[in-house]
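Reader: Could you walk me through some local features of this model, helix packing to begin with? I would like the cut-offs as we go.

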Amino acid sequence: MHRSRRATFVELTQGRSFPPMSGRAAPDLAAAGFGESEWACSGEAVSYDTVATPGDGRVELTEADSAPFATRVLVRQPEPGSFSGVVLVEWLNVSGGQDAAPDYTYLADEILRAGHAWVGVSAQFIAVEGGDAAVGLGGQTKGLRAQRPERYGDLHHPGDAYAYDIVTQVGRYVREPDGEGPLAGLRARSVIAVGESQSAFALTSYVNGVHPRVGVFDAFLLHSRGAGYLPFDDRGRGSDIVAALGRGPATLREDVGAPVMVVQAEGDLIGRIASLPARQPDSESVVTWEIAGQAHADLYQLGEFAQFVDCHGPVNSGQQVFVLRAALRHLVSWVAGGARPPAAPPVEIDDDEVVTDELGNGRGGVRTPVVEAPVEQLTGVPHPEAQPLCMLLGRTVELSEQALRERWPGGGQSGAAQSRGAQSGREQYLAAYRAATDRLIAEGFLLPEDREEILADARPERLTW
């Protein structure tokens, strides 16, 4: 049996903070009634040995050794009077060689307006100690200790084999905070683990092997996972995400006993991430949404970094941000005893290729307004001559005027145009875009609070008639 290990927390106040990497400006926490604090989280963490993998995603583990750790935890929380009772614990992503918080970037608006608390955990070795970046410009990166020794000099990480228990101990604290720690005064009703890309690989391992042992989290949001998973034996080093891409496939266990929401981009299914072999039907505990026309990462996530990336044309400008916000809201309701999230059709795949329509956009899946009412081709596949940095960013491809006129011909022409009345092509497009937005809101794949922002993301400038 496992012991209920608990980390201790000491607030970090010396020197300057080194926040998770993000290309998008963070929302104004103070204006939303939120505060931010940063803490050293320390204790003794165990690692695990794999006893058996009996199938259906299950992994049987036994505790192995233990090692001391001290890592960084970043907390963003509302005032107690506006706290929703929901705490999101994000396994920070280290594929760029240092911490990033991609899911906070996508979910921040929903977190702030709902009054959720967010806890970002520097769970992995590279975040603290530095190491090789899996994506980005490559080479060795500095960890927190080297970046800001005056603030983080006492941190130390024993290796990614211990990351699972580190995250468990943070989740355990969040569930039952003491009077001195980062969430003092808040009492959680639901504690949800979230992670994107490499962090979702790690949470796949956590769901399949660790969660049944410890039962700390009430639900999981896995975003852009691959078919593989992170191992349990990386002692004294960081995990090799490139090796993890070829491991598996691993489905999520059906007896997890907690709601699991999986959100996948079209670009996650094939190519570098190649999650398709691990695709599984919805079940009592697992619901998957696949977003058509969406890349693994996109313009929204890149923010101001986009100007420094040369991908032989614009990167993917899909709308997964709005779908993720809806997914989180459904998951919060589901874990509180509400209905399961609505089922979504999968993206259509044939012979390991996405099936596309006449404009090159993928068929099936959750079809955001920019895909359902298209004026561009959106794909998760990068330009074949793009640099490696672009491998996960997909493309936004201009359509020819002829293709656009055939899709949005405007009034006064023959055939389909006459049945649409005397609208201009631009008016036809905007009407279809609004209709798609409202339908997706009614179906539950978008949120009504996001309607004006989604409508503002329409692209009528592509049509001049």
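Author: Happy to! A crossing is left-handed if the near helix is turned anticlockwise from the far one by less than a right angle, and right-handed if clockwise. Helices (H or I, at least four residues) and strands (E, at least two) are DSSP runs, numbered from the N terminus. This is a predicted model, in which local features need pLDDT of at least 70 and side-chain atom pairs count only at pLDDT 80 or more, while totals for chains, interfaces and linings use all residues. Residues are numbered from 1 along each chain as its sequence is written, and side-chain values use heavy atoms, with hydrogens and water left out.

Reader: In which kind of crossing does α5 pass α6, left-handed or right-handed?

Author: Axes are lines fitted to C-alpha atoms, for helices over the stretch in contact, and angles run from 0 to 180 degrees between N-to-C directions. For α5 (residues 163-175) and α6 (residues 198-214), the axes come within 11 Å and cross at roughly 60°. Angles under 35 degrees count as roughly parallel, over 145 as roughly antiparallel, 65 to 115 as roughly perpendicular and the rest as oblique, and α5 and α6 are therefore oblique to each other. The crossing of α5 past α6 is right-handed.

Reader: Which residues of α6 does α5 meet?

Author: Contact means heavy atoms within 4.5 Å. On the α5 side, the residues are Tyr 164, Thr 168 and Arg 172. Their partners in α6 are Ala 202, Ser 205, Tyr 206, Val 210 and Val 214.

Reader: And by class, how many residues of each kind does the contact of α5 with α6 have?

Author: Ala, Val, Leu, Ile, Met, Phe, Trp, Tyr, Cys and Pro count as nonpolar, Asp, Glu, Lys and Arg as charged, and the others, Gly among them, as polar. With those classes, the contact of α5 with α6 has five nonpolar, two polar and one charged residues.

Reader: How does α1 lie relative to α10, and in which kind of crossing?

Author: The axes of α1 (102-114) and α10 (residues 320-335) are 8 Å apart, at an angle of about 40°. That angle makes α1 oblique to α10. Among the residues of α1 that meet α10 are Tyr 106 and Leu 107, and the contact has six nonpolar, one polar and five charged residues. As for the crossing, α1 passes α10 in one that is right-handed.

Reader: Is Asn 93 buried or exposed?

Author: Asn 93 sits in the loop between β4 (86-91) and α1. Beyond neighbours within four places in sequence, its contacts include Pro 102, Glu 196 and Ser 197. Buried means under 20% relative accessible area, exposed over 50%, partly exposed in between (1.4 Å probe, protein chains only). At 8% relative accessibility, Asn 93 is therefore buried.

Reader: Where is the place of Pro 249, and what is the omega of the peptide bond from Gly 248?

Author: Pro 249 is in the loop between α7 (241-245) and β10 (260-265). The bond from Gly 248 to Pro 249 is cis, with omega near 10°.
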